[in-house]
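Thanks for coming. Please have the sequence and the model open while I talk.

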Amino acid sequence: GIIGAVTNNNRGVAGVSWGINLIPVRVLDGRSGDLFDVLEGVYYSIDEKVDIINLSLGIPADEINNDDISSFREAIEEATSENIIVVAAAGNTSSIQYPAIYQETIAVGAVDINNQITSYSPADSRIDLVAPGGEGNGILSTWGYYDNGSYIRDYDYMTGTSMSAAYVSGAVALLLESGVRPSDIRSRLTST
């Protein structure tokens, strides 16, 4: 919803870039999952020739082994070699998480309504930029879930660098739509 919810329809929320095509790729089951599913999602997105991969997820450094670090880096490097912009949430802990830690990603931290780093966002020099992540009430966005086999569409307030990454992914879509080359996206975002 933050990235591209339809706007001007008197319903719910408006996305940052409402004229884009979204391919939802589910790689987590609720709030958990495994790296294999995340990697499959990245490779699926590469095969679909997307322009942007939004990774509103993170793995703490102390919960990932060297082989997984290498596999994750390979997937991110392959995506960026295909001119895909990879936006990653920095994580909701004091330390930046994977995959935001990779220099190939655009690592996003969170600020509150007063443009102050939130209590949950890492303040790390490897973070490329910050965006609204919510504090207190959170950010209103679309929300969906399954209940007894039926998909329920709703809206909810959420907080976290996942919301921040979504704002940046929407901004990236706007920049690409206006003709900014993928190779210039990071500098455009971080210098303006």
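The side chains of E104 and R73 make a polar contact of 3.1 Å; that term is a pair of N or O atoms within 3.5 Å, where within protein one must be able to donate a hydrogen and the other to accept it, and residues adjacent in sequence count only if both atoms are side-chain atoms. This is a predicted model, where local features need pLDDT of at least 70 and side-chain atom pairs count only at pLDDT 80 or more, while totals for chains, interfaces and linings use all residues. Residues are numbered from 1 along each chain as its sequence is written, and side-chain values use heavy atoms, leaving out hydrogens and water.

Is E104 buried or exposed? E104 counts as buried because its relative accessibility is 18%, and the cut-offs are under 20% relative accessible area for buried, over 50% for exposed and partly exposed in between, with a 1.4 Å probe and protein chains only. E104 sits in the loop between β2 and β3 (106–111); strands here are DSSP runs of E, at least two residues, and helices are runs of H or I, at least four, numbered from the N terminus. Apart from neighbours within four places in sequence, E104 has contacts (heavy atoms within 4.5 Å) with R73, I76, E77, T80, V86 and R186.

V86 takes us to the sheet. V86 in β2 is the bridge partner of I53, and four bridges join β1 to β2 (residues 85–89), running parallel. The open sheet has four strands in the order β1-β2-β3-β4, with parallel pairing, where a pair needs at least two DSSP bridges.
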